[in-house]
Amino acid sequence: MSGKHAGCLRLWFSQPALGARDVLPLLMSAVAAAAVAIVPFFAGPWLLSAVRDALVMGILALSYDLLWGRAGVLTLGHTTFLGLGAYGFAVATVQFGQAPVTGLAAGVLCAAAVAAVIGYFLLFAGVRLHFFAIISLAVLIVAQQLAVSWQSVTGGDTGILGIPGLSFSAGGHALDLSGPRASWYTVSAVLLVATGLMWLVCRSRYGKVLGAIATNEWRAKACGYHTSFHLLLVFVASAALAAVAGVLMAACSGVVAPDVFSPLLATEVILWVAIGGRGRIGGPVVAAVTLTLLRQTVSSYSTDGWPLILGGLFLACVLFMPNGLRLDGRVWAALRAGRAIWSRPSAHRVGHAQEKR
Amino acid sequence: MDGQFLQGTNLSRAFGGINAVAGVDINIRLRDLLCVIGPNGAGKSTLVGLLSGAIAPGSGELYLDGERMTGRPMHAFCRCGVVRKFQGTNTFLTMTVRDNLVVAGLGVAAYRATPMPDPDAVLEEVGLSGQARELASHLPHGERQWLEIGMAIMCQPALLLLDEPAAGLSAKDAQRLVRLIHRLRERCAVLAIEHDLGFVQSLACETWVMHRGEVVRRGSYAEIAVDEEIRRIYLGRGATHAAH
């Protein structure tokens, strides 16, 4: 039986040989890893914490890209799971005095369980597309109301303050990840590992199956796929990753308030993935980090400006870049254009030579 | 089991008061080859929908290999070996031709924990080796038909349901398809729905005629072709040239 399962896993997740396509992602991840390692030695504590918070949003964007970009499930309430992760961690550590590890488990399990229940009832009943999106928005608003009104547990409008940072202890050794540098490395390690895992899953055959379900679910069913089950699996995985982002957010900032459930942030998540390019590894993360830093900058001048900019960006994205920015595609196009210009004079000369002959 | 693969009794399905399929009994043994013909709206595609699990029957029972399948979802039918080629074409347009085949083969192979058929061999079989890296959306209609057939082969069918396989194929390609179907028959049963009577004639197999949701004639193509009643149903009264 276990042999059968191992064979199955190999069938799903076996990796194709490395090719020219993989050079860019590998190069980019190496550069990103190097940058992440060096930055704390140059950046001041304020900048470091600002970028770290932006990287947490990068994890959130990654989780949404798995759901919308890879499996084609559009939701308007993805931050439900970010909030559940954050509140799960905060309630477990502050209200119940548990260790941060327990808080981490509580946050992630809570979000995954909610996603599993909602996803089971919606996806297995065939709810898709905008119907699913609207219901997910309703779930987000319910969660927000709960966070505001269940004061004894969630702290109401003020939320929960004094959340401890992440730390692990096992066998007498303690690993404290709450300092500025330690939390920076924790967040970036989680982001890099999650990105790498998703890259591996998506370049395997399973990624192709997800792509197939996203393009033509009916046909995938006719090929023998239990598509609702696969979508549920992705939904739960995506919720768990969003909850990890939520836990990191709560642990890094030390506070959690009901505004994590705000529809504005949920819209921003969609925008990150749309601008970064659906299903493009790295794109949504870069977009999330950049736009979050931009938001922090804009908000320091004016608090009203950001929603306006966000709306403008969304409109521009839908009208002019339905497939996202696709920076790498643009680089290739520029290279090709450059090569064409470079080779034109020589082609000209060849033409002349032939005429003479 | 005496080689009996699919058994349907009294299969019916109505859409808005119109009986698309009304009380069809069907038995298919392994390695049967069967053609269903009939005028537009006779219920042929609905019959394929019922047999492939895409449409649940309004009444009647369906058994595959002795297992009751009435009302089961479509992916369960595919896992049991009933594989369908859709009318028109229905592929994963954003993916390459080869990836289409890989995805098509993986679902069943993973479920049965068996290795999947070699996609390159199937590409060879349907004549798309040269287009393996093309996006499916870039293929012309005729080649998408071949891709669909290739995807169906990748699902390791025990019963292959072909919904208008020759539509959009040139006469030469249609003959190639006839040869492929005869080769496939060594592995599985084939049920084809077709409008093109020339194609049905060259398959030279058992032929059923459907009319208003019922199977009105069962016999060899030669018998069907000379049946005056069938000519009347199929070509309409006053048709001067019978098909072949």
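Guide: Welcome! A word on terms before we start: a helix axis here is a line fitted to C-alpha atoms over the stretch in contact, and angles run from 0 to 180 degrees between N-to-C directions. The model we are looking at is predicted.

Visitor: Thanks! At what angle do H13(A) and helix H14 of chain A pack?

Guide: Helix H14 covers residues 305-320 of chain A, and its axis lies 8 Å from that of H13(A). The angle at which the two pack is about 135 degrees.

Visitor: Is H13(A) oblique or roughly antiparallel to H14(A)?

Guide: Roughly antiparallel would take an angle over 145 degrees, while roughly perpendicular runs from 65 to 115. The angle here is about 135 degrees. H13(A) is therefore, relative to H14(A), oblique.

Visitor: Which residues of H14(A) make that contact?

Guide: From H13(A) come Arg295(A), Val298(A), Ser299(A) and Tyr301(A). By class, the residues of the contact are four nonpolar, two polar and one charged. On the H14(A) side they are Gly305(A), Trp306(A) and Ile309(A).

Visitor: Let's turn to Pro284(A): is this residue buried or exposed?

Guide: Pro284(A) sits in helix H13, residues 283-301 of chain A. Beyond its neighbours within four places in sequence, Pro284(A) contacts Ala61(A), Leu62(A), Asp65(A), Gly69(A), Trp272(A), Val273(A) and Gly276(A). A residue needs 20 or more other C-beta atoms within 10 Å to count as buried. Pro284(A) has 31 of them, so it is buried.

Visitor: How many Å separate the C-alpha atoms of Pro284(A) and Leu60(A)?

Guide: Along the chain, these two residues are 224 residues apart.

Visitor: Which residue in the turn between S1(A) and S2(A) has a positive phi?

Guide: Strand S1 (residues 167-170) and strand S2 (residues 173-176) of chain A pair in the antiparallel sense over four bridges, with Ser167(A) opposite Asp176(A). The two strands form a hairpin with two residues between them. The turn residue with a positive phi, about 55 degrees, is Gly171(A).

Visitor: How far apart are the C-alpha centres of domain 1 and domain 2 of chain A?

Guide: Domain 1 spans 20-270 and domain 2 spans 328-357 of chain A. Their C-alpha centres lie apart by 48 Å.

Visitor: And where does the largest share of the side of chain B that touches chain A come from?

Guide: In all, 23 residues of chain B are in contact with 19 residues of chain A. Helix H2 (74-79) and helix H3 (97-112) of chain B each supply at least two residues of that side. The largest share, 10 residues, comes from H3(B).

Notes. Residues are numbered from 1 along each chain as its sequence is written. Chains are lettered from A and ligands numbered from 1 in the order in which they are written. This is a predicted model: local features need pLDDT of at least 70, side-chain atom pairs count only at pLDDT 80 or more; totals for chains, interfaces and linings use all residues. Two residues are in contact if their C-beta atoms, placed from the backbone, lie within 7 Å. A residue is buried if 20 or more other C-beta atoms lie within 10 Å of its own, exposed if 12 or fewer, and partly exposed in between; C-beta atoms are placed from the backbone. Two strands pair if DSSP finds at least two bridges between them. Angles under 35 degrees count as roughly parallel, over 145 as roughly antiparallel, 65 to 115 as roughly perpendicular and the rest as oblique. Ala, Val, Leu, Ile, Met, Phe, Trp, Tyr, Cys and Pro count as nonpolar, Asp, Glu, Lys and Arg as charged, and the others, Gly among them, as polar. Domain bounds come from an automatic or database domain assignment.
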